[in-house]
Amino acid sequence: MRRGDGRLSHDLLPGDKGPQDECGVFGVWAPGEEVARLTYFGIYALQHRGQESAGIATSNGEQLRVYKDMGLVSQVFDDQTLSALQGHIAVGHVRYATTGASAWENAQPTLGPAGAGTVALGHNGNLTNTRSLMEEVRRRSGADLSGELGRGSSTDTAVITALLAGTPGEPVRSLEDTAMDVLPMLQGAFSLVFMDEHSLYAARDAHGIRPLVLGRLQRGWAVASETAALDIVGATFVREVEPGELLIIDEDGLRTRHFARPEPRGCVFEYVYLARPDTQIAGRSVNAARSEMGRVLAREHPVEADLVIPTPDSGTPAAIGYAQASGIPFAQGLVKNAYVGRTFIQPTDTIRQLGIKLKLNPLREVIAGKRLVVVDDSIVRGNTQRALVRMLREAGAAEIHVRISSPPVKWPCFYGIDFATRAELIANGMSTEEIRASLDADSLGYISPEGMIEATAVPEERLCTACFTGRYPVPVEETTEPAESHRGSYHVLPHRPSPTLTIAGAQ
């Protein structure tokens, strides 16, 4: 998968699906600023969190305008498109599909009625009670679905948007009051950025599983999935949006309401892989956490070797830490082609063997005859690491010692990371020694759960480690993709529309 920050994701082999990022959200309230362009740069900075679709909605106080399409941020928007998105409020979104198909109908921000106006909404995370919420939507609206659901969306985000419309026949309420009723109904992980004609809103689930931060602009405010996006638009970091908190930003300033008691359980995989290294979470630099994971790995799994090399780029900070703690020299033994997309060729058996070489190529003069420590952030299926070991041996490596800066991934994530199914996770059915043999590595060492948590500098009770431990902080419904099960009753558009500017509100 191509990633917007230039990092290489785990699907180095065609069809070898690794841990996929979830989504990125951004919002801005800034009268007098070109909010669409600020949002463009904000979601560009978050491109690593989702590369399937991108969208921006703006409001000028009377109308909401939404433009979204499949593709990267730079492919979806141009100067002409951004110029048409006028206003002083904006929300933006980049998507990777965790619930609902990868299709135009599921691109965000979603759009729908809300009180006397319109709501545009972007969501990072994954709900675990979408089936129950969908039943509530049907109870309110009857058999005929309208809005994003009626137009073919199969996402939990569309369900949230439908609920924010309120109940037909009841007195019209403000979006803020409706949100305070709807947000406690949502279970699972959600970091939301949404807007109506007059206000910007941000909300985070009671566990704060997915990140969301608040920043101050010279003439307004910004909210984003990561602090790196605030840096890009020149916003000063203020604080994290608290778990269970709803922020409201309008012409009267910023105010806050709480819809749930906070029980923080931030996703530890943000530190391991998902977030940009230049982001800070809970006051801790992600790059510093990953480097410390490498140092812990060196203490827990030492080995005599000549070089430490990373799997670019996600393994680089941990490899640097491993080299520092072990005293083994660090080297770039693999060269990455940053311009190979994720769907560049069909994964036939022959091409599958060549696929990794299209993205990574060894520097033979660096690694030939050397004992290597190869550092990566995680192993999911093991296909990519197996091919990498084979390639390094063919390039003349004398020994290959694989070191992983996270514990074995044994459980799927229901909160917004698209891992393989549990049956496909190599660590679910094999011991570390069996995995080592499968990879044909000379040794294999995973960081301990305690070492990984220590590196984050966050207490274990404030982290979600479900993908490593199977201990889920939020109950999960029977189906793992609840919204997807409703797709048969949706009106699915027969053809993907051409991207157009959608305008809603007072004309």
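Two strands count as paired if DSSP finds at least two bridges between them. Helices (H or I, at least four residues) and strands (E, at least two) are DSSP runs, numbered from the N terminus.

The model is predicted: local features need pLDDT of at least 70, side-chain atom pairs count only at pLDDT 80 or more, and totals for chains, interfaces and linings use all residues. Residues are numbered from 1 along each chain as its sequence is written, and side-chain values use heavy atoms, with hydrogens and water left out.

**Whole protein.** Start with everything shown. The protein has 18 helices and 24 strands. Of its 507 residues, 59% are buried (under 20% relative accessible area, with a 1.4 Å probe, protein chains only).

**The sheet.** Select β5, β6, β7, β8, β12 and β13. These six strands form an open sheet in that order, with antiparallel pairing. Strands of a sheet pair through backbone hydrogen bonds, either parallel or antiparallel. Which strands lie at the edges? They are β5 (110–114) and β13 (253–258), each pairing on one side only.

**Inside the sheet.** Select residues 188–195, which are β7, and residues 200–204, which are β8. The two strands pair in the antiparallel sense over five bridges. Now pick V193: opposite this residue stands A202 in β8.

Terms used
Buried means under 20% relative accessible area, exposed over 50%, partly exposed in between (1.4 Å probe, protein chains only).
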